[in-house]
Amino acid sequence: MMLSCRKAAELISLSQERPLRFWEQIRLRVHLWMCAYCTRYYQQIRTMRRIFAQFRSNETYTERMTVWRLSQDARVRILRQLTAYGSDTPAANDRDPSTE
Ligand SMILES: [Zn+2]
């Protein structure tokens, strides 16, 4: 008995939530062999899933980028402070507290 497209779509969605049971898998496979629409749907779901998995595996990369951005911000702040300190330093050195 051929699965209806609606039932096949249900199985495809279900396969994203849990592994399909043996017969569910067989029935879906048989349907996909015969139905181009559901095959396309299945491929789209799988592509989306792959992109999502890649996105999640990129979290460490995103984290690294955030750290890099923070250290970049920190560098700018340090540079500003150093510049400010540098401009203050000659004045501070001009007045030696011990000679006053
Ligand atoms: Zn179908």
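1. The axes of H1 (residues 5-17) and H2 (22-34) come within 10 Å and cross at roughly 125°, the axes being lines fitted to C-alpha atoms over the stretch in contact, with angles from 0 to 180 degrees between N-to-C directions. That makes H1 oblique to H2, the term for angles that are not under 35 degrees (roughly parallel), over 145 (roughly antiparallel) or 65 to 115 (roughly perpendicular). Helices here are DSSP runs (H or I, at least four residues), numbered from the N terminus.

2. This is a predicted model, in which local features need pLDDT of at least 70 and side-chain atom pairs count only at pLDDT 80 or more, while totals for chains, interfaces and linings use all residues. Residues are numbered from 1 along each chain as its sequence is written.

3. Ala8, Leu11 and Ile12 in H1 meet Glu24, Leu28 and His31 in H2, contact being C-beta atoms, placed from the backbone, within 7 Å. Leu11 also touches Leu20, when residues up to four places away in sequence are not counted.

4. With H3 (residues 36-57), the axis of H1 comes within 10 Å and crosses at roughly 15°, which makes the two helices roughly parallel. On the H1 side, Cys5, Ala8, Ala9, Ile12 and Gln16 meet H3 residues, including Tyr41 and Ile45.

5. The largest nonpolar core has seven residues, among them Leu3, Leu32 and Cys38; such a core joins buried Ala, Val, Leu, Ile, Met, Phe, Trp, Tyr and Cys residues through C-beta atoms within 7 Å, buried meaning 20 or more other C-beta atoms within 10 Å of a residue's own. H1 gives the largest share of this core, three residues.

Note on methods. Contact = placed C-beta atoms within 7 Å. Buried ≥ 20, exposed ≤ 12 C-beta atoms within 10 Å, placed from the backbone.
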